[in-house]
Structure formats: structure tokens, C-alpha cells
Amino acid sequence: MQQKPNDPRFHRSRSTLIEAMIQLVREQPVVSISITQVVEVAGVTRPTFYQHFADVPSAARAAALHQLSEAYPHIESGLERASVEEVRTMLEKRTVSVLRHLHTDKTFYLNVFDSAGNIDLFEGLVGIVSERMMRPGFQRKTHPNEDERDLKLLLAGGLTWLSINWLRKGDKASSAEAMARRIVKFALKIGDMA
């Protein structure tokens, strides 16, 4: 019997597979992980795996997007009336939190980026950043025009790439706090053009 996406069992099995992928990718590169390993760790069958994912790299990408989504808080409502300094402080705080998360789970994320990274992963990352990092002015527009949507994606893509480069540089990179200030400076500057 085919499970349906709104079936709680479907969500539980997907969640179990994602947790198994996170565990495995923390220990080894994606290219060395087999579906057999994933289903053994998850305690599910191969057909269950294939109900959710086409292959191990797609499961690794889903796990990375899930992890980042869980670590990336949503923007609080009511910030439209906040001062620029209050917005800057809030954005820096949330950016430091995400950068620390990335650094703490660096092996996992770099394994996914290096072995399973593709345009779908990058689009997912940019989507999370554009939804949760943009200034309140970007968020409150219910019908942004094409230029505003393009600017939002450009900014989110650039911030995503800066963050990935920062993560790759490791100890040679600036601190999470310094990188957060840099990211927020660009976010505010470009946001002022919107």
C-alpha cells in the first residue's frame, strides 16, 4: 500500500530517514554511504527509502535543508516599526546563531556540499535565507515586483555563498560575529535599495 504525504506514517518514516542521513553524513562522505546503510540505521525498508528519495545524495540534500531550516529562526513580526539599529541587532544575532550552527556541524554540511551539492540544494539554501534573513521591508511586501523579487534572490544567493565560503575557510576565517556583521551590512545596504 502506497503511503500518502499527509499520512503521519509517511512523515515519521521521512523524519527517521533524515535523522539516519544526518548521523551517517557526520561520520563519512556522502559518496561512501549506501542505501543499505541508511535503511539499517533508520530501521526501515528499501521501498520506504524509495518512497521518499531517489538516491543517497537526494536524501543528504534533504537532510541538510532540514537541519538548516531547523536552525534558522523565522523573522519576528512587528519589526517594520523597529529602528535600523534594532533591525541590525536582530539580524546580527540570528546570523551569528546560524553561523555557529554551521560551524558546529561543519563536517556534515561540507560533506553534503562536496558530495551531494547541486542546483536543487543551492536553491533550497537560497530559499531559506530569502525567507528568514531578509529585512522586514523585504518581507512585508505582499506583491513585490519582478525587480524586488530578483533583488531578494540576488541578496540571498550572495549571502548563502559568503556563508559557504566562510565555512570552508575554517579557522582561517573571521569569527562568526565578524562574519555576521559583514553579512548584515550587505543585507541592510542592499535592502535600502529596494
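This is a predicted model: local features need pLDDT of at least 70, side-chain atom pairs count only at pLDDT 80 or more; totals for chains, interfaces and linings use all residues.
**Helices, rings and a nonpolar core**

Student: Which residues are buried in α1?
Tutor: In α1, the buried ones are Phe10, Ser13, Leu17, Ile18, Ala20, Met21, Ile22, Leu24 and Val25. Buried means under 20% relative accessible area, exposed means over 50%, and partly exposed is in between (1.4 Å probe, protein chains only). Helices (H or I, at least four residues) and strands (E, at least two) are DSSP runs, numbered from the N terminus.

Student: OK, back to α1. What do its buried residues pack against?
Tutor: They pack against α2, α3 (46-52), α4 and α6. Contact here means heavy atoms within 4.5 Å.

Student: How far apart are the end C-alpha atoms of α1?
Tutor: They're 29 Å apart, which agrees with the 28 Å that its 20 residues should span at 1.5 Å a residue. The expected span is 1.5 Å times one less than the number of residues.

Student: And α4, what should that one span?
Tutor: Its 16 residues should span 22 Å, and the 23 Å between its end C-alpha atoms agrees with that. The buried residues of α4 pack against α1, α2, α3, α5, α6 and α7.

Student: Pick a residue there. Is valine 56 buried or exposed?
Tutor: Valine 56 belongs to helix α4, and with a relative accessible area of 7% it is buried. Leaving out residues up to four places away in sequence, it touches Met21, Val30, Ile33, Ser34, Ile35, Val38 and Phe49.

Student: How many residues are in the largest nonpolar core?
Tutor: There are 58, and Met21, Val38 and Met133 touch the most other members. Two or more residues each come from α1 (8-27), α2 (35-42), α4 (56-71), α5 (84-104), α6, α7 (119-132), α9 (146-169) and α10 (176-193). A nonpolar core is a set of buried Ala, Val, Leu, Ile, Met, Phe, Trp, Tyr and Cys residues joined through side-chain atoms within 4.5 Å.

Student: New topic: rings. How many aromatic pairs does a search of the whole structure find?
Tutor: Four. One of them is phenylalanine 108 with tyrosine 109, edge-to-face, at 5.0 Å centre to centre and 75° between the planes. Rings of Phe, Tyr and Trp (its six-membered ring) pair if their centres lie within 6.5 Å; planes under 30 degrees apart count as stacked, over 60 as edge-to-face and the rest as tilted.

Student: Why are tyrosine 109 and phenylalanine 113 called tilted?
Tutor: Their planes are at 35°, with the ring centres 6.2 Å apart, so the pair counts as tilted. They're separated by about one helical turn because they sit four residues apart in helix α6 (residues 106-116). Tyrosine 109 is buried at 1% relative accessibility, and phenylalanine 113 is buried at 13%.

Student: Which residues form one aromatic cluster?
Tutor: Phe49, Tyr50 and Phe53.

Student: What sits over the ring of phenylalanine 186?
Tutor: The charged end of lysine 185, 5.1 Å from the ring's centre. That label needs NZ of Lys or CZ of Arg within 6 Å of the ring centre and within 35 degrees of the ring normal.

Technical notes: Residues are numbered from 1 along each chain as its sequence is written. Side-chain values use heavy atoms; hydrogens and water are left out.
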